[in-house]
Amino acid sequence: MTAAGRALAAALLALAGAARADEIKPGSTFLSPEMQRQQQDQSRNPGYLWVEQGEELFSRRDGVSPTCISCHADPKQSLRGAAARYPQVDAASGKLVNLEGRIEQCRVDRQKQPAFGYESQDLLGLTAYVASLSKGMPLSVSAEGAAKPFYEAGKAFYERRQGQLNLACTQCHDGLVGQKLRGDTISYGIGTGYPAYRLEWNGLGSLHRRLRACSLGVRATQFDYGSDDYLALELYLAVRARDLPMEAPGLRR
Amino acid sequence: MRLAAIRSALIMLALASAPASALEAYKVVGDAIPAPLGGKIGDLKRGRALVLDRTQGNCLICHQVPEPNEPFQGTIGPGLAGVGARLDTGQLRLRLIDAGLLNPQTVMPPYFRIEGLRDVAPAFRDRPALTAQEIEDVVAYLASLRTP
């Protein structure tokens with residue numbers, strides 16, 4: 001195919017039926033009824049082990065001052081809904097930050113401690129805890145103003161073919177939702193359950209870990225945890241999921 | 001004299017920098033590629049192994065084949081039972097090599113193409129998903145699936 005032909009094909013692909021906002025359903029919709037019940041049950045959803053660990057870290061002193069709770073008193077009230085507004089543009093730096101990024105920023109700038117590092121158990125725990133405080137609340141992430149260029153970059157990422165298998169996110173997660181990919185059912189590919197406990201991982205993982213698995217699946221570059229590419233994609237997915245309930249810690253296959 | 005030397009040096013350079021893994025050429029006729037890639041002869045048994053294998057071909061992630069002992073077959077692509085009766089070997093070959101030649105919006109990955117791809121993982125860069133021999137092996141297996 002010529003370069004012009006490929007450009008035309010890419011344009012057609014972008015036009016090819018993206019799912020309408022009112023069609024998009026949470027990831028848990030594609031679980032068995034038993035797994036849906038297990039996700040809801042705090043005593044049977046293993047993700048809550050990380051939530052409990054995060055809750056403990058949130059108020060632990062260990063010589064660290066201030067602790068999280070010294071600024072965020074009564075987190076069940078003060079941080080309710082906070083996670084539903086991430087990722088967002090950090091006003092001071094102009095950078096897009098997700099929940100993990102904001103927690104690390106507090107850790108480094110305010111607590112003067114070394115960053116936990118993406119995918120560390122401590123950061124997963126704190127992220128899961130803060131996300132759990134917004135459970136059931138509608139996702140409300142902005143794609144306007146300072147967020148707009150990041151949203152556009154995420155949308156472009158979502159719609160472009162990549163990897164040796166030459167697939168775009170939209171081809172499966174809009175066009176083939178409900179179909180079987182081996183034994184798995186394709187979902188709308190939104191991140192409202194993350195960090196999630198995945199059976200395949202036998203542990204809790206971040207959305208970026210899940211995105212890296214998708215990249216590997218199409219034999220594409222796996223971008224770094226917290227990379228600009230995945231942050232922009234996370235924003236686009238969050239806007240796609242606008243008004244859907246937060247599910248973290250989700251349970252996923 | 002001097003020009004000739006430069007010219008031959010340039011030719012040497014071009015030869016040296018030509019990709020070692022340049023893909024075998026093929027000719028499209030209608031919706032088919034009638035000639036075997038590189039003149040290679042496909043092996044049905046190797047082709048079957050590639051189709052069932054979960055890492056290399058991994059065809060069953062999207063397709064169903066008449067193999068009752070294979071659980072968890074995908075539902076994305078057309079079922080492959082009887083595909084050898086529906087399509088001839090040239091048509092099968094083209095669809096494996098680059099189904100995008102027929103339908104630019106296809107979800108079927110190109111299994112014998114290295115150009116026009118973006119952000120390919122380092123381990124898979126500059127080599128096709130299947131070699132010419134492997135394409136011919138899979139063609140031989142698919143051509144044998146004649147019962148719908």
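1. The second largest pocket of this predicted model is lined by 28 residues. Nearest its centre lie Phe58(A), Cys68(A), His72(A), Ile103(A) and Cys106(A). The volume of this pocket is about 590 Å³.

2. Where does the lining of the second largest pocket come from? Four helices of chain A each supply at least two residues: helix 3 (47–59), helix 4 (68–71), helix 6 (99–110) and helix 7 (121–132). Helix 6 of chain A gives the most, with eight residues. By class, the lining of this pocket has 15 nonpolar, nine charged and four polar residues.

3. The structure holds one cavity of 30 Å³ or more. About 240 Å³ of space lies in the largest cavity. Its lining counts 18 residues. Tyr86(A), Gly191(A), Tyr194(A), Glu234(A) and Met246(A) lie nearest the centre of the largest cavity. Helix 6, helix 7 and helix 11 (228–240) of chain A are the elements that give two or more residues to this lining.

4. Which element gives the largest share of the lining of the largest cavity? Helix 11 of chain A does, with three residues. The classes in the lining of the largest cavity are twelve nonpolar, four polar and two charged residues.

5. Tyr194(A) is one of the residues nearest the centre of the largest cavity, and a cis peptide bond joins Tyr194(A) to Pro195(A). Omega there is about 0°. Pro195(A) lies in the loop between strand 4 (184–185) and strand 5 (196–198) of chain A.

6. Another cis bond runs from Ala248(A) to Pro249(A), with omega near 0°. Pro249(A) sits in the loop between helix 11 and strand 7 (250–252) of chain A. Helix 11 of chain A is also the element that gives three residues to the lining of the largest cavity.

7. Asn166(A) is a point to check in the backbone. Its phi is near 55°, a positive value in a residue other than glycine. Most residues other than glycine have a negative phi, and most peptide bonds are trans. Asn166(A) is found in the loop between helix 8 (148–159) and helix 9 (169–173) of chain A.

8. Now the interface. How many residues of each chain are in contact? Chain A brings 25 residues and chain B brings 37. The area buried between the two chains is about 2700 Å². Carbon and sulfur atoms give 52% of that area.

9. Polar links across the interface come next. The rule finds 14 residue pairs in polar contact between chain A and chain B, both residues at pLDDT 80 or more. The count of salt bridges between these chains is one. That salt bridge is formed by the side chains of Asp119(B) and Arg160(A), at 3.9 Å from N to O.

10. Which elements of chain A give two or more residues to the side that touches chain B? They are helix 1 (3–15) and strand 3 (180–181) of chain A. Helix 1 gives the most, with three residues. By class, this side of chain A has eleven nonpolar, eight polar and six charged residues.

Methods: Residues are numbered from 1 along each chain as its sequence is written. Chains are lettered from A and ligands numbered from 1 in the order in which they are written. This is a predicted model: local features need pLDDT of at least 70, side-chain atom pairs count only at pLDDT 80 or more; totals for chains, interfaces and linings use all residues. Side-chain values use heavy atoms; hydrogens and water are left out. Contact means heavy atoms within 4.5 Å. Buried area is the accessible area (1.4 Å probe) that two parts lose on being put together, summed over both. A salt bridge is a side-chain nitrogen of Lys or Arg within 4 Å of a carboxyl oxygen of Asp or Glu. A polar contact is a pair of N or O atoms within 3.5 Å; within protein, one must be able to donate a hydrogen and the other to accept it, and residues adjacent in sequence count only if both atoms are side-chain atoms. Ala, Val, Leu, Ile, Met, Phe, Trp, Tyr, Cys and Pro count as nonpolar, Asp, Glu, Lys and Arg as charged, and the others, Gly among them, as polar. On a 1 Å grid over the protein atoms alone, a cavity is a set of points where a 1.4 Å probe fits but cannot get out, and a pocket is an open set with protein on both sides within 12 Å along at least five of seven lines; lining residues have an atom within 4 Å of a point. Grid points are joined across faces, edges and corners, and a volume is the space filled by probe spheres set on the points.
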